[in-house]
Amino acid sequence: MGVKIAGYGYYVPEKVVTNHDMEKLMDTSDEWITERTGIKERHFVKVGEEGTSDLAVKAAEKALDKAGMTSGDLDMIVAATLSPDHEIPGIGVMIQNKLTGCRTIPAYDIRQQCSGFVYGLELASTFIKSGKYKTILLVGAEVQSVGLNLSTEGRDLAVLFGDGAGAFVLTASEDESDVLDSVLHSEGEYYQALWKEYPSIYVQDRISKEDITLGRHYPSMNGRFVFKHASTRMPEVVMELLNKNSVSKDEIAQIIPHQANLRITQMVANRLELTLDTVYSNIERYGNTTAASIPIAFCEALNEKRFKRGDYVITVSFGSGFTWGANLIKF
Ligand code: ACO
């Protein structure tokens, strides 16, 4: 059984937050952010007006529309996010509820942070290839803005992230498959290199005032360590996937990497001896949207005619966990 990418779409909230807007919130500068990351602006939700599942549903509706389908055609939802609307339950069921006409289909939530969409594509494709499910909505969606420390204390992380969502509608196909293969990895040894310590199962009481003062309820990161691993693991897993499938690097029309940092993307391109013509970047306009970055970049690269039907495309990610992986697509 083959897997067709029948539809794709993305949505970002209207509100644009530029680096100059960030300068008003914390001790940072457009120059610092641009030089270190390539980011010029990102989109943030208006707090209280939109949640992660709302962004997901808007992206899903576009993907369904593109596929010429309705939510009644779906027989599974796979939703990747590290920022669900609520701690319990996840956004899979929120999406099921908000998509008008959606039946009581299974709804998965997966994590895997920046690798959520790449992991999700392997999961959803495998379900379809098994023959048990025919049409799956795969969504990556994040509202990062409300969970960040938007002050000078949190500036190393706060300037990196943005909100958004992207979706694929995947269907079973008797013809050739669009989704050919995936390689996934994890290395939990480094879970504290990029994490949010609290809330934690190890803490029975409420978070103390001291913990809050120390910012243990905000995400924290060893930026240089993450940078080093991301820029090594992504080219490595691309080569692993290509070699496994006997596809040469020169046959790839476009590599869509997770959008973490323009310097990481440049390093991935350098290590693969490619240029940014082949390795896509749109981080300038969105920042790092975690699980949403790959489907947003996929849609924009397609709109920009970076690739067309029949071309080989690779999606590749690295993120907290550590988790990383790549998908080989013949779109
Ligand atoms: N504005 C101004 N100054 C800042 C800011 C900011 N927003 N953030 C940190 N600084 C300061 C630091 O305090 C430090 O000051 P000091 O020298 O006085 O101590 C100085 O800038 C330099 O900091 P470095 O850590 O050396 O900066 P570096 O060149 O490593 O860049 C960055 C930091 C951009 C975070 C980089 O390490 C990085 O991109 N890492 C990858 C992390 C990443 O992408 N994470 C996202 C999730 S994982 C993923 O998506 C792959």
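**A buried loop residue and its surroundings**

Tutor: Thr290 counts as buried, because 33 C-beta neighbours lie inside 10 Å (buried means 20 or more other C-beta atoms within 10 Å, exposed 12 or fewer, partly exposed in between, with C-beta atoms placed from the backbone). The model is predicted: local features need pLDDT of at least 70 and side-chain atom pairs pLDDT 80 or more, while totals for chains, interfaces and linings use all residues. Numbering starts from 1 along each chain as its sequence is written.

Thr290 sits in the loop between H10 and H11 (helices are DSSP runs of H or I with at least four residues, strands runs of E with at least two, numbered from the N terminus). Thr290 is not a glycine, yet its phi is positive, about 50 degrees. Most residues other than glycine have a negative phi, and most peptide bonds are trans. Glu273 is another non-glycine with a positive phi, here about 55 degrees. Glu273 belongs to the loop between helix H9 (262-271) and helix H10 (283-286). In contrast to the buried Thr290, Glu273 is exposed, because 8 other C-beta atoms lie within 10 Å.

Helix H11 spans residues 293-303, and its buried residues are Ser293, Ile294, Pro295, Ile296, Ala297, Phe298 and Cys299. Just after H11, Lys305 has a positive phi of about 60 degrees.

The loop between S12 and S13 holds Phe322, and the peptide bond from Gly321 to Phe322 is cis, with omega near -10 degrees. S12 and S13 belong to an open, mixed sheet of four strands in the order S8-S13-S12-S11. Its edge strands, each pairing on one side only, are strand S8 (179-186) and strand S11 (252-257). From one strand to the next the twist averages 10 degrees (axes are lines fitted to C-alpha atoms, for helices over the stretch in contact, with angles from 0 to 180 degrees between N-to-C directions). H5 packs on this sheet, touching S8, S12 and S13, and its direction makes about 55 degrees with that of S13 (residues are in contact if their C-beta atoms, placed from the backbone, lie within 7 Å).

The assignment gives domain 1 (2-175) and domain 2 (180-330), with bounds taken from an automatic or database domain assignment. Taken over C-alpha atoms, the two centres are 14 Å apart. The contact involves 44 residues of domain 1 and 39 residues of domain 2. On the domain 1 side, elements supplying at least two residues include S1, H6 and S7. H5 gives the most to that side, with six residues. That side divides into 19 nonpolar, 17 polar and eight charged residues (Ala, Val, Leu, Ile, Met, Phe, Trp, Tyr, Cys and Pro count as nonpolar, Asp, Glu, Lys and Arg as charged, the others, Gly among them, as polar).

Domain 1 and domain 2 both give residues to the shell around the ligand, so the shell lies between them. There are 23 residues around the ligand, of which Thr28, Arg155, Gly223, Phe227 and Ala260 come nearest (near means a C-beta atom, placed from the backbone, within 6 Å). Helix H2 (30-37), helix H6 (155-158), helix H8 (223-244) and strand S12 (312-319) each supply at least two residues of the shell. H8 provides its largest share, five residues. By class, the shell has 11 nonpolar, eight polar and four charged residues.

Finally, the sheet of five strands. Its order is S1-S7-S6-S4-S5, and it is open with mixed pairing. Strand S6 (residues 135-142) and strand S7 (residues 164-173) run antiparallel over eight bridges, with Thr171 in S7 as the bridge partner of Thr135. Helix H3 (residues 52-67) packs on the sheet, touching S1, strand S4 (76-80), S6 and S7, at about 125 degrees to the direction of S1. Helix H4 (residues 91-98) packs there as well, touching S4, S5 and S6, at about 140 degrees to the direction of S5. In the loop between S4 and H4 lies Pro89, and the peptide bond from Ile88 to Pro89 is cis, with omega near -10 degrees.

Technical notes: Pairing = 2+ DSSP bridges. Contact = placed C-beta atoms within 7 Å.
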